[in-house]
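Trainee: Could you take me through this structure, one question at a time?

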Amino acid sequence: MKQKFKNPIFVFAFGVILTSAIFFLFPINLFDGEIVFEIGMKTWKEKANISLSYFFGIGAEKEQLEQLGVKDFYLLPRGYILACILILGFPGILAYRTYIRNK
């Protein structure tokens, strides 16, 4: 098993899978986004930190969102950048470190 962790591609793939699992399966409100509320005829947007797990329905049930008046929610560009850095950037840095260590 120790031999696998010397391969930078394996380290990168394992890191991406691990970080993706953490952020998509657990409701960690870390990423900048906007929530669109609609109650009756009134619609407004509110900035909030949202979790990537909400997009899969984990941590936020559709019925609960409808009761709160949530029409839609989405990530802002800053939230997308943070998600890319955490999901791809850190595993990339670890893989590069592994590559350098093997040389």
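Mentor: Before the questions, note that this is a predicted model, in which local features need pLDDT of at least 70 and side-chain atom pairs count only at pLDDT 80 or more, while totals for chains, interfaces and linings use all residues. Residues are numbered from 1 along each chain as its sequence is written, and side-chain values use heavy atoms, with hydrogens and water left out.

Trainee: How are H1 and helix H3 oriented, roughly parallel or roughly antiparallel?

Mentor: Helix H3 covers residues 77-102, and its axis lies 8 Å from that of H1, at an angle of about 155°. Helices here are DSSP runs of H or I with at least four residues, numbered from the N terminus, and axes are lines fitted to C-alpha atoms over the stretch in contact, with angles from 0 to 180 degrees between N-to-C directions. Because angles over 145 degrees count as roughly antiparallel, under 35 as roughly parallel, 65 to 115 as roughly perpendicular and the rest as oblique, H1 and H3 are roughly antiparallel.

Trainee: Is Thr-19 buried or exposed?

Mentor: Thr-19 sits in helix H1, residues 8-25, and, leaving aside residues up to four places away in sequence, touches Leu-86, Ile-87 and Pro-91, where contact means heavy atoms within 4.5 Å. Buried means under 20% relative accessible area, exposed over 50% and partly exposed in between, with a 1.4 Å probe and protein chains only. Since its relative accessibility is 17%, Thr-19 counts as buried.

Trainee: What is the relative accessible area of Ile-22?

Mentor: Ile-22 also has its place in helix H1. This residue is partly exposed, because its relative accessible area is 34%.

Methods
Helices (H or I, at least four residues) and strands (E, at least two) are DSSP runs, numbered from the N terminus.
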